[in-house]
Amino acid sequence: MGAYIPPGWPAGVHPPGSEDFESTAIGWLLDVVPPDYRLHGVLRRYPVALATMARYHSKACVEGARQGYRTARTELAGTLPPHAIDTVLAAYRKEGARLAATAEAVDLVERALRGEVFTPKMSRPSAVPGPQSAEPGRAEPESAEARGAGPEAEEQKPARTKAEQKAAAQKTTKARAAEERPPRAKAAEAEAAGQRSAEAQAAEEKAGGAKAGTAERGRAAARRNSGGRGRSDLART
């Protein structure tokens, strides 16, 4: 079985690990870089160095094409007619795609020259839904949210729940009405509450005084009784 060739591998370069892989890779890389690179014998002796230089050169070409495409309308406005500028942009798009593919191919060749072995990537199998059972007993139950989301669910609620909701709504209405009362009404209620508190305090003090008077009278009566008993004892003696 032949060596695996990854997607984007350049045409004319033999598969990695084959007998003519290195020689064909050198010839292809020399076509990628500027012609003057052929004058340097070191690049033929060390293909990895040639691949490294080709990688930087190809990436620079891609970036240059992108920058030219971004500024073409501004730089050529007033010099070329609009339809000619559109044609230049179309050329940028076409050549940019070619340069990007070349840069990707250079990267693959360099990795292969460095000894990397490419293996096919296994794609995940698509999920195939199983046969659905026609038996009603095996049907999945609906979620609580799905059952209680529509207006029909509101009508199907028991009467007790509706009564509780009505009571809660009345409480909320009373609380809102209490909050929306004018400040004068709130002040009057506060003053009335203060008066009731003062009256209650006075009543408590009065009750306390009455209890104290009763206790004092009880103690006085006790003293008189003890004095009477003393005189009776003296008279008997």
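Begin by selecting Asp 31: at 55% relative accessibility this residue counts as exposed, where exposed means over 50% relative accessible area, buried under 20%, and partly exposed in between (1.4 Å probe, protein chains only). The model is predicted, so that local features need pLDDT of at least 70 and side-chain atom pairs count only at pLDDT 80 or more, while totals for chains, interfaces and linings use all residues. Residues are numbered from 1 along each chain as its sequence is written, and side-chain values use heavy atoms, with hydrogens and water left out.

Arg 38 forms a salt bridge with Asp 31, and the closest N and O atoms are 2.5 Å apart. A salt bridge here is a side-chain nitrogen of Lys or Arg within 4 Å of a carboxyl oxygen of Asp or Glu. Arg 38 has a relative accessibility of 36% and therefore counts as partly exposed.

**The whole chain**

Now display the protein as a cartoon. The protein has eight helices and zero strands; helices (H or I, at least four residues) and strands (E, at least two) are DSSP runs, numbered from the N terminus. Of the 237 residues in the protein, 18% are buried. The protein exposes about 18,500 Å², of which carbon and sulfur atoms supply 56%; accessible areas come from the Shrake-Rupley method with a 1.4 Å probe, and for residues only the protein chains shown count as cover. Among contacts in the protein with a separation of 6 or more, 49% come from residues 24 or more positions apart, contact meaning heavy atoms within 4.5 Å.

**The aromatic residues**

Select Trp 9, Phe 21 and Phe 118, which ring pairs link into a cluster. The structure holds two aromatic pairs. Rings of Phe, Tyr and Trp (its six-membered ring) pair if their centres lie within 6.5 Å; planes under 30 degrees apart count as stacked, over 60 as edge-to-face and the rest as tilted. How are the rings of Trp 9 and Phe 118 arranged? Their centres are 6.3 Å apart and their planes stand at 70°, so the pair is edge-to-face. This pair links distant parts of the chain, 109 residues apart: Trp 9 lies in the segment before helix H1 (21-32), and Phe 118 in the loop between H4 and helix H5 (144-147). Both Trp 9 and Phe 118 are buried.

Keep Trp 9 selected and show its surroundings. Not counting residues up to four places away in sequence, Trp 9 touches His 14, Pro 16, Phe 21, Leu 108, Val 109, Ala 112 and Phe 118.

**The nonpolar core**

Next, select Trp 9, Phe 21, Trp 28, Leu 29, Leu 50 and Val 109. Of the 21 residues in the largest nonpolar core, these six touch the most other members. A nonpolar core is a set of buried Ala, Val, Leu, Ile, Met, Phe, Trp, Tyr and Cys residues joined through side-chain atoms within 4.5 Å. H1, helix H3 (47-76) and H4 each supply at least two residues of this core, and H1 gives the most, with seven residues.

Move to Ser 58, placed in helix H3. Ser 58 counts as buried because its relative accessibility is 4%. Leaving aside its neighbours within four places in sequence, Ser 58 is in contact with Ala 103 and Val 106.

Then select Asp 86 and Arg 73, whose side chains meet in a salt bridge (2.7 Å, N to O). This pair links distant parts of the chain, with Asp 86 in helix H4 and Arg 73 in helix H3, 13 residues apart. Asp 86 is partly exposed, with a relative accessible area of 37%, and Arg 73 is partly exposed at 46%.

**The charged network**

Select Arg 55, Glu 110 and Arg 114, which are linked in a network of salt bridges. The side chains of Glu 110 and Arg 114 meet at 3.1 Å, N to O. The structure holds eight salt bridges.

**The last stop**

Finish at Arg 111 in helix H4 (residues 82-113). Arg 111 counts as partly exposed, at 29% relative accessibility. Leaving aside its neighbours within four places in sequence, Arg 111 is in contact with Glu 116 and Phe 118. The C-alpha atoms of Arg 111 and Val 48 are separated by 8.9 Å, although the two are 63 residues apart along the chain.
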